Every structure is written in C-alpha cells, then in structure tokens.
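Visitor: I have a structure open and would like to talk it through. Can we start with the inside and work outwards?

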Amino acid sequence: QVQLVESGGGLVQAGGSLRLSCAASGSIFSVNGMGWYRQAPGKQRELVASIRSGGYTNYADSVKGRFTISRDNAKNTVYLQMNSLKPEDTAVYYCNADLWVAANRRRDAYWGQGTQVTVSS
C-alpha cells in the first residue's frame, strides 16, 4: 500500500558530502513525521535525524552541525544533506515515515529498503 524509495547513497571521502532522498508513495492520507536511521555493522539501528509535519527537527548529537534534514510535504519526500562526512558515518541509512494510510485510515510506520553510505578515510 505504501512504499518508501531511497536514493543518494554511495562512496565518498572523509570531509565530503552526500544528499539522501526518500519519497513516500501509495495510499497515503497524511504524513506525520519522517526520519533517517542508520545501522553500522555489528551495531543497533540508531536515529540520525527526524522532522515533524510542522517542521520541528531532531538530530543525533553525533551529526549536529553536519547533517540537515528537510522535507517537501507536497511530494511526501524527505532529504538528508550530509556534510563533513566522517568514516564513522559509514552505515546503511534507512528512511522512516509515520503516516496515515488512506485505504484503511490506520496510522503506521514504514521503512525504506536502505541505502549504503561509505566514507573512506
């Protein structure tokens, strides 16, 4: 019913930048919050950044000042601009959306398939 499609991952040198995009599509009535999580090998998935429908943002301490989350409500798309990347940012990045499904008017959370970000030193 709902799909999240991510793009923008890749390989970059330390100090470089990448921009991730995630578009939600399907039977969507409204989107509450969207966010990005990441999971490095051998570690738990962690919140990177989130943004509510009204624009309130939240960041992990490790990315504050380097990453910026934004969204286009009309397109149900969330972006993550990542600057000054470090090797420790290497992980699979997952998009998450908290939304109301139009088909059944239920609130649920959806995940993207993940996109690999690798930062070389």
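**The core and beyond**

Guide: In this predicted model, the largest nonpolar core has 33 residues, and those with the most contacts inside it are Trp36, Leu80, Met82 and Tyr93.

Visitor: Which strands supply at least two residues of this core?

Guide: Strand 1 (2-7), strand 3 (18-26), strand 4 (28-39), strand 5 (46-52), strand 7 (67-72), strand 8 (77-82), strand 9 (91-101) and strand 11 (115-120) each do that.

Visitor: And which strand gives the most?

Guide: Strand 9, with six residues.

Visitor: Take the last one, then. Where is valine 117?

Guide: Valine 117 is in strand 11.

Visitor: Buried or exposed?

Guide: Valine 117 counts as buried, because its relative accessibility is 0% and the cut-off for buried is under 20%.

Visitor: What does valine 117 touch?

Guide: Leaving out residues up to four places away in sequence, valine 117 touches Gly9, Gly10, Leu18, Leu20, Met82, Asp89, Thr90, Ala91 and Tyr93.

Visitor: How far is threonine 90 from arginine 52?

Guide: Their C-alpha atoms are separated by 25 Å, and the two residues are 38 apart along the chain.

Visitor: New topic. How many helices and strands are there in the protein?

Guide: Zero helices and 11 strands. From the N terminus on, the elements run β-β-β-β-β-β-β-β-β-β-β.

Visitor: Why is the protein said to be as compact as a globular protein of that length?

Guide: The radius of gyration is 14 Å, close to the 14 Å that the globule rule gives for 121 residues, so the protein is as compact as a globular protein of that length. Along the principal axes, the C-alpha atoms fill a box of roughly 45 × 25 × 20 Å.

Visitor: What percentage of the residues count as buried?

Guide: Of the 121 residues, 43% count as buried. The accessible surface comes to about 6,300 Å², and 46% of that belongs to carbon and sulfur atoms.

Visitor: Let's look at strand 1. What is valine 5 in contact with?

Guide: Valine 5, which is found in strand 1, is in contact with Ser21, Cys22, Ala23 and Gln113, leaving aside neighbours within four places in sequence. The C-alpha atoms of valine 5 and glycine 35 are 13 Å apart, with the residues 30 apart along the chain.

Visitor: Now threonine 57. Which strand is that in?

Guide: Threonine 57 lies in strand 6 (residues 57-59). With 29% relative accessibility, threonine 57 counts as partly exposed. Threonine 57 touches Ser50, Ile51 and Ile69, not counting residues up to four places away in sequence.

Visitor: Last topic, backbone angles. What is phi of asparagine 76?

Guide: Near 50 degrees, a positive value in a residue other than glycine. Asparagine 76 lies in the loop between strand 7 and strand 8.

Visitor: Why point that out?

Guide: Most residues other than glycine have a negative phi.

Visitor: What about phi of arginine 105?

Guide: Phi of arginine 105 is near 55 degrees, also positive. Arginine 105 is found in the loop between strand 9 and strand 10 (106-111).

Visitor: Is arginine 105 buried or exposed?

Guide: Arginine 105 is exposed, because its relative accessible area is 52% and exposed means over 50%.

Conventions
Residues numbered from 1 in each chain as written. Predicted model: local features only at pLDDT ≥ 70, side-chain atom pairs only at ≥ 80, totals over all residues. Heavy atoms only, no water. Helix = DSSP H or I, 4+ residues; strand = E, 2+ residues; numbered from the N terminus. Rg over C-alpha atoms; globule rule 2.2 N^0.38 Å. Buried < 20%, exposed > 50% of the residue type's maximum accessible area, 1.4 Å probe, protein only. Areas by Shrake-Rupley, 256 points an atom, 1.4 Å probe, with all protein chains shown as cover. Core = buried A, V, L, I, M, F, W, Y, C linked by side-chain atoms within 4.5 Å. Contact = heavy atoms within 4.5 Å.
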